[in-house]
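Visitor: Hello! Could you walk me through this structure, one step at a time?

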Amino acid sequence: MTKPSKEITDLRREYTASQLDVDSVLTDPIMQFRKWFDEAGNSDILEPNAMVLSTIDQNSRATQRTVLLKAIDKDGFVFYTNYTSRKAKHIENNPNVSVLFPWYELERQVSIEGKVEKVSTAQSLKYFLSRPFGSQLGAWVSNQSEVISSRSILEEKLAEMKSKFNKGKVPLPDFWGGYKIIPERIEFWQGRSNRLHDRIEFKKELENWKIQRLSP
């Protein structure tokens, strides 16, 4: 007989892997993020650069999807997408977004809130040319978020793009590129025992970051 699964209310574990304090974090939250990101990358986490991006539609409803972080600089966090996609339309209407990095294996998560702006075409081109050939073609194939009748439509268009661009470089689509999230708030969350988790918040005030501990 199949062993009955646990009740959802019985699913629990204690978090004891690490701890976090105001005095132990770096004063620059982007540098602190890089530190944690490097630790995530050196662990067994699948896709440590995966982040859940939340946007707001024209009816003030929140939606989420997972995207991949592709660059970090002193100003913010960069990801790439189709500029005609659902998320892009939301961003055009409301540039306020949030992202969450759920690093469960490390009993950590990082949430970032801020405004989004497009990166330069030159930056988008540089990244696009670094992508594998199939990913470059994929950007041309998909009218992202549009309704299609079957997968065969994608496969037929992929074959068409392979034929079209089989000699020479694949050009950057004018409807595809990067966005940078300029953070206004970053929270580092470290799981602790008895659900008394460590939460350290960085909040932008003018040009400076205010650092404070939050109750779990």
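Visitor: In what order do the elements of the protein run from the N terminus on?

Guide: Welcome! This is a predicted model, where local features need pLDDT of at least 70, side-chain atom pairs count only at pLDDT 80 or more, and totals for chains, interfaces and linings use all residues. Residues are numbered from 1 along each chain as its sequence is written, and side-chain values use heavy atoms, with hydrogens and water left out. Helices (H or I, at least four residues) and strands (E, at least two) are DSSP runs, numbered from the N terminus. Read that way, the order is α-β-β-β-β-α-β-β-α-α-α-β-β-β.

Visitor: What percentage of the residues count as buried?

Guide: Buried means under 20% relative accessible area, with a 1.4 Å probe and protein chains only. Among the protein's 216 residues, the buried share is 38%.

Visitor: Which word describes how H4 lies relative to H5?

Guide: H4 covers residues 133-141 and H5 covers residues 151-164, and they pack at an angle of about 120° with axes 9 Å apart. Axes are lines fitted to C-alpha atoms, for helices over the stretch in contact, and angles run from 0 to 180 degrees between N-to-C directions. Under 35 degrees is roughly parallel, over 145 roughly antiparallel, 65 to 115 roughly perpendicular, and the rest oblique. The angle of about 120° therefore makes H4 oblique to H5.

Visitor: Which residues of H5 does H4 meet?

Guide: Contact means heavy atoms within 4.5 Å. From H4, Leu137, Trp140 and Val141 take part, and their partners in H5 are Leu154, Lys157, Leu158, Met161 and Lys162.

Notes
Buried < 20%, exposed > 50% of the residue type's maximum accessible area, 1.4 Å probe, protein only.
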